[in-house]
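User: I am new to this structure and would like to learn how to read it, one feature at a time. Could you take me through it slowly?

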Amino acid sequence: MAKASDCKDCLIREQCMGKKAKEKRLHHTYYKVQYERMTERLSNRFGKRMMRIRSATVEPV
């Protein structure tokens with residue numbers, strides 16, 4: 001997390017934080033590569049179809 005005072009001299013501050021933001025949070029996790037891979041898989045035509053089928057299926061408790 002970076003505060004506005006940490007970024008006041010940065011050249012790309014406005015593009016990064018915006019005009020009204022008071023802080024910038026970056027979320028990284030150990031599983032970032034897996035999250036990105038899953039996002040990529042779900043964004044194509046086959047992935048969207050599979051999610052539609054799965055969301056319509058009722059799973060038992």
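Analyst: What follows is a reading of a predicted model, going from the overall fold to single residues.

User: Which pattern does the protein follow when it is read along the sequence?

Analyst: Start with the secondary structure, which for this protein comes to 3 helices and 2 strands. Taken in sequence order, these elements give the pattern β-α-β-α-α. Among them are β1, covering residues 2–3, and α1, covering residues 13–17, while helix α2 takes in residues 32–43 and α3 takes in residues 45–56.

User: What is the radius of gyration of the protein, and what would a compact globule of 61 residues have?

Analyst: The protein has a radius of gyration of 19 Å, whereas a compact globule of 61 residues would have one near 10 Å. The box that its C-alpha atoms fill, taken along the principal axes, is roughly 55 × 30 × 25 Å.

User: What share of the residues is buried, and how much accessible surface does the protein have?

Analyst: Buried residues make up 5% of the 61 residues. The accessible surface comes to about 6,500 Å², and 56% of that belongs to carbon and sulfur atoms.

User: Is cysteine 7 buried or exposed, and what about aspartate 9?

Analyst: The step of reasoning here is to compare the relative accessible area with a cut-off, since buried means under 20% and exposed means over 50%. Cysteine 7 has a relative accessibility of 16%, so it counts as buried, and its place is in the loop between β1 and α1. Aspartate 9 also lies in the loop between β1 and α1, but aspartate 9 counts as exposed because its relative accessibility is 68%.

User: How far apart in space are these residues and methionine 51?

Analyst: Aspartate 9 and methionine 51 are 42 residues apart in sequence and 45 Å apart in space. Another pair to look at is asparagine 44 and isoleucine 12, which are 32 residues apart in sequence and 32 Å apart in space, again taken from C-alpha to C-alpha. Asparagine 44 lies in the loop between α2 and α3, and it counts as partly exposed because its relative accessibility is 37%.

User: How is a pair of aromatic rings described, and how many such pairs are counted here?

Analyst: A pair of aromatic rings is described by the distance of the centres and the angle of the planes. The count for this structure comes to 1 aromatic pair. Tyrosine 30 and tyrosine 31 form it in an edge-to-face arrangement, with 5.3 Å from centre to centre and 90° between the planes. Tyrosine 30 counts as exposed, at 75% relative accessibility, whereas tyrosine 31 is partly exposed, with a relative accessible area of 47%.

User: When can side chains of opposite charge pair, and which side chains meet in a salt bridge here?

Analyst: Side chains of opposite charge can pair when their charged atoms come close. The protein has 16 positive and 7 negative side chains, and the centres of these two sets lie 7 Å apart. A search of the whole structure finds 1 salt bridge, in which the side chains of glutamate 36 and lysine 32 meet at 3.9 Å, N to O. Both residues lie in helix α2, 4 residues apart, which is about one turn of the helix. Glutamate 36 is partly exposed at 46% relative accessibility, and lysine 32 is partly exposed as well, with a relative accessible area of 33%.

Definitions and conventions:
Residues are numbered from 1 along each chain as its sequence is written. This is a predicted model: local features need pLDDT of at least 70, side-chain atom pairs count only at pLDDT 80 or more; totals for chains, interfaces and linings use all residues. Side-chain values use heavy atoms; hydrogens and water are left out. The radius of gyration is taken over C-alpha atoms; the globule rule is 2.2 Å times the number of residues to the power 0.38. Buried means under 20% relative accessible area, exposed over 50%, partly exposed in between (1.4 Å probe, protein chains only). Accessible areas come from the Shrake-Rupley method with a 1.4 Å probe; for residues, only the protein chains shown count as cover. Lys and Arg count as positive and Asp and Glu as negative; His and the chain ends are not counted. The place of a charge is taken as NZ of Lys, CZ of Arg, CG of Asp or CD of Glu. Rings of Phe, Tyr and Trp (its six-membered ring) pair if their centres lie within 6.5 Å; planes under 30 degrees apart count as stacked, over 60 as edge-to-face and the rest as tilted. A salt bridge is a side-chain nitrogen of Lys or Arg within 4 Å of a carboxyl oxygen of Asp or Glu.
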